[in-house]
Amino acid sequence: MLPGAPVPGAAGRGRRLLRWLGLRLWSRRGTLVFALLWFGSWLFLNGLVLVHRSILSDFCTDDKSKSILQRLCLEFGEGSVTGDMCEDLCVLGLVEYKRCLYYENGKKVVEARWRGNPVILKSKLENFSSYEPLGILDYQDTAEELSPLDVVFYATLEVRNSLGLAEEDEDEGGGGSNVSLARLWGKKLKSPDKIYSREELASLWSLLQQEEYTFLRVLQDLSTHVAKVLGSCGHFYAVEYLSAGHAWDQNIFSLEEAGSGARGRWSAREKVHRIALSFLHMVKHFDHDFTHKLHLCDIKPENFAIRKDLTVVAIDVDMAFFEPKMRDILDQNCSSDDDCNFFDCSSSCNLNQRRCSARRRNSNLQVICEKIFRSWFSPTLLGAKAGLPLQVELQRAVQECSETDGGVEEREDGRGEAGQGRGVHQRLLSILTRLLQEGGASGEGGGAWDEKGHAHTALNF
């Protein structure tokens, strides 16, 4: 073979080697791609399972609701919990489950019928064991029971802590908070020899850890504008059933059954005007009639209801705070006014101190005008009546109200935003009253709701 001549078959062997190397490289890439696809699919499917479980765990189902109530009855049978509703619920079958209304992050709200009357059952957490136990029971001799005064002392501390009220706040006098606490415990103090069982104390303690329950019980006999607590069993409590408002309803509330009486049925528009007046009465009541102003920080139709006499009732008060607690919430660091908004309650940012003002800038009245009255009294909804002089005046007053900071009360100097808020409130009150008179409506919208249902007396908490 001549020097430099190509070796026979060398080119073929080289091509075969390259092809083999290419196949190996493709095989490794294919394996890697397959592994990545498999791993990605595994992550995706597991993610779907977790999301599905999470959705189902917070889904409002009848089966889950019934199982929670069955567990409560087991705890009642074991002697762990008690309450004036327990025997009717767990033994006599006088509490009939209807449907689940709400379930999120453990908070449970269901509709039921108690002795034939519709009620709402609520608990902030679904399990009794999720609440902190009363610590003093761990140190108390089994044979030694707490005295009624001990119970009042510990419960009052918990109520104050829940509502954000210090002891000096209750000693100011002339307001409602100190009176309400006396009424809350007054009936029990009439029986100084009463001995509280451990299940009574444990049940009471689980209820007092729920801010909404505490709030409703404290204001039970002091306000017609909050839902009535009718009874309890363990950590669940029953409140009066009232149909909540809906943002999609042009009248917000169902008006068919409301407002009918011996004087005949009012028109839908007359009912709306009377409900608006009740909102104004509620605002003034919450601003004036307690030791501290009461702030509503989640104002929307779903959080209010009306009784048959058209009285407006706050039915979801998880975001209601007396002035001291409101100031603590608002007093935060900030870089702009946007940092000083707590739901519907807002203040302003002091850029020099980079601190939110502890004083609320807007008011209950302003937010109600913005979120409820503006839609009620809009020209679109009023139609041909929108051009009538009183209706035009009302629209202007509502517009001014929604843009005016400050509440109903006057400031000490009688000037400023608080005074403006009071002026707008009086204008709205006057216009709505004239509209009712002009429409030929007579009489008032009825008095306070006369509760004829089952009294919450066994624990009186």
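Let me begin with a definition: a residue is called buried under 20% relative accessible area, exposed over 50%, and partly exposed in between, with a 1.4 Å probe and protein chains only. By that definition Arg115, at 46% relative accessibility, counts as partly exposed.

The structure before you is a predicted model, in which local features need pLDDT of at least 70, side-chain atom pairs count only at pLDDT 80 or more, and totals for chains, interfaces and linings use all residues. Residues are numbered from 1 along each chain as its sequence is written, and side-chain values use heavy atoms, with hydrogens and water left out.

I turn to the sheet. Helices (H or I, at least four residues) and strands (E, at least two) are DSSP runs, numbered from the N terminus. Two strands are said to pair if DSSP finds at least two bridges between them. Five strands make up an open, antiparallel sheet in the order 1-2-3-5-4. Strand 1 (95–104) and strand 4 (229–233) are at the edges with a single partner strand each, so one side of each has no neighbour in the sheet. From one strand to the next, the twist averages 25°.

Within this sheet, strand 3 (residues 117–123) pairs with strand 5 (residues 236–240) in the antiparallel sense, over four bridges. There, Ile120 has Val239 of strand 5 as its bridge partner.

Two loop residues deserve mention. Most residues other than glycine have a negative phi. Asn105, in the loop between strand 1 and strand 2, has a positive phi of about 50°. Because its relative accessibility is 61%, Asn105 counts as exposed. Arg115, in the loop between strand 2 and strand 3, also has a positive phi, near 55°.

Finally, the helices. Helix 12 (residues 364–376) packs against helix 14 (residues 389–402) at about 135°, the axes being 7 Å apart. The helix 12 axis is therefore oblique to that of helix 14; angles under 35 degrees count as roughly parallel, over 145 as roughly antiparallel, 65 to 115 as roughly perpendicular and the rest as oblique. Axes here are lines fitted to C-alpha atoms, for helices over the stretch in contact, with angles from 0 to 180 degrees between N-to-C directions.

Which residues of helix 12 meet helix 14? They are Leu365, Gln366, Cys369, Glu370, Phe373 and Arg374, facing Val398, Gln399, Cys401 and Ser402 in helix 14, where contact means heavy atoms within 4.5 Å. The residues of this contact divide into five nonpolar, three polar and two charged.

Key
Ala, Val, Leu, Ile, Met, Phe, Trp, Tyr, Cys and Pro count as nonpolar, Asp, Glu, Lys and Arg as charged, and the others, Gly among them, as polar.
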